[in-house]
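Trainee: I have a structure open and I'd like to learn how to read it. Could you walk me through it?

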Amino acid sequence: MSRESGVRTFRGEEGYWKEHRAEDLASIEGIRRDPFLVWEWYRKRLRACDDLVPHEGYRALARLQELRGKLPAITQNVDGLHQKAGLTDVIELHGSLRTASCIDDCGGPTFAMTQQLLSRIPPKCRCGSILRPDVVLFGEQLPLNALKRAFRLAESCDLMLVIGTSMAVFPASELPIAALRNGARIIEINVEPTPISPLSNVISIQGEAGKVLPKIVEALEKP
Ligand code: ZN
């Protein structure tokens with residue numbers, strides 16, 4: 001989803017990890033070792049995210065949510081583009097780039113990640129410790145409540161849309177499997193086939209989410 005709106009991905013040809021070592025930028029140790037370097041990098045990422053406009057695929061999902069009432073979205077993206085497009089129920093498995101909190105977990109407030117917060121690098125908590133972005137860093141567990149809810153939804157849904165994922169990252173890659181195991185059907189939209197494409201009860205559409213999703217929603221809206 002996000003790559004089509006211009007967000008750089010981590011893996012793949014243009015991925016961040018070609019330029020930096022993941023452990024240096026996206027770990028608690030990395031932030032403590034060189035908060036300036038890490039926060040400069042997050043400031044750049046945040047600025048890039050601020051400029052992004054969600055593509056038509058996001059808007060189609062928001063419309064679908066309007067049409068169907070409940071439509072929770074589960075995402076590994078941290079850029080907030082779903083919310084920017086108007087989706088209201090977004091489960092962020094890898095946390096969010098939109099907030100930051102105390103690296104020492106002092107129980108203080110959560111800070112909105114604005115350019116103003118990042119006007120001084122590294123940003124600090126009220127207790128004096130540096131802040132960390134509320135994204136899941138290397139070596140950290142995924143947020144348990146989000147994960148539990150995602151699996152509950154997968155296990156109880158009739159239909160799951162699986163959009164723009166290579167199924168490479170565990171445990172999110174298990175969600176479609178959980179849905180299938182419980183008798184759900186899947187519509188998969190991706191630019192290339194994935195391990196679930198050939199499975200029965202999966203309709204696999206090859207293409208970009210920004211082009212395919214609006215067509216699906218348009219078809220739904222026809223009387
Ligand atoms: Zn603190």
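Predicted model: local features only at pLDDT ≥ 70, side-chain atom pairs only at ≥ 80, totals over all residues.

Trainee: Okay, the metal. Which protein atoms are the donors of the zinc ion?

Mentor: Look for the sulfurs. The SG atoms of Cys102, Cys106, Cys125 and Cys127 are the protein donors, lying 2.3 Å from the zinc ion. Along the chain, their spacing reads C-x3-C-x18-C-x1-C. Cys102 sits in strand β3 (residues 95-102), while Cys125 is in the loop between β4 (111-112) and β5 (131-135), so this pair ties together parts that are 23 residues apart in sequence.

Trainee: And are Cys102 and Cys125 buried or exposed?

Mentor: Cys102 and Cys125 are both buried.

Trainee: How do I read the geometry? What arrangement do the 4 donor atoms make around the zinc ion?

Mentor: Start from the ideal: four tetrahedral donors have angles of 109.5 degrees at the metal. Here the angles run from 104 to 114 degrees, which makes the arrangement around the zinc ion tetrahedral.

Trainee: Now the domains. Where does the chain divide?

Mentor: A domain can be built from separate stretches, as you see here: domain 1 covers 1-52 + 114-135, and domain 2 covers 54-94 + 141-223. Their centres, taken over C-alpha atoms, are 26 Å apart. Domain 1 brings 13 residues to the contact and domain 2 brings 19.

Trainee: What about the area between domain 1 and domain 2, and how many salt bridges are there?

Mentor: Check what kind of atoms get covered. The two domains bury about 1,200 Å² between them, with 56% of it on carbon and sulfur atoms. The salt bridge count between domain 1 and domain 2 is 0.

Key. Residues numbered from 1 in each chain as written. Heavy atoms only, no water. Donors = N, O, S within 2.8 Å, 3.2 Å for Na, K, Ca; no water. Tetrahedral: all angles 85-135°; square planar, octahedral: opposite > 155°, others 65-115°. Helix = DSSP H or I, 4+ residues; strand = E, 2+ residues; numbered from the N terminus. Buried < 20%, exposed > 50% of the residue type's maximum accessible area, 1.4 Å probe, protein only. Domains from an automatic or database assignment. Contact = heavy atoms within 4.5 Å. Buried area = accessible area lost by both parts, 1.4 Å probe. Salt bridge = Lys/Arg side-chain N within 4 Å of Asp/Glu carboxyl O.
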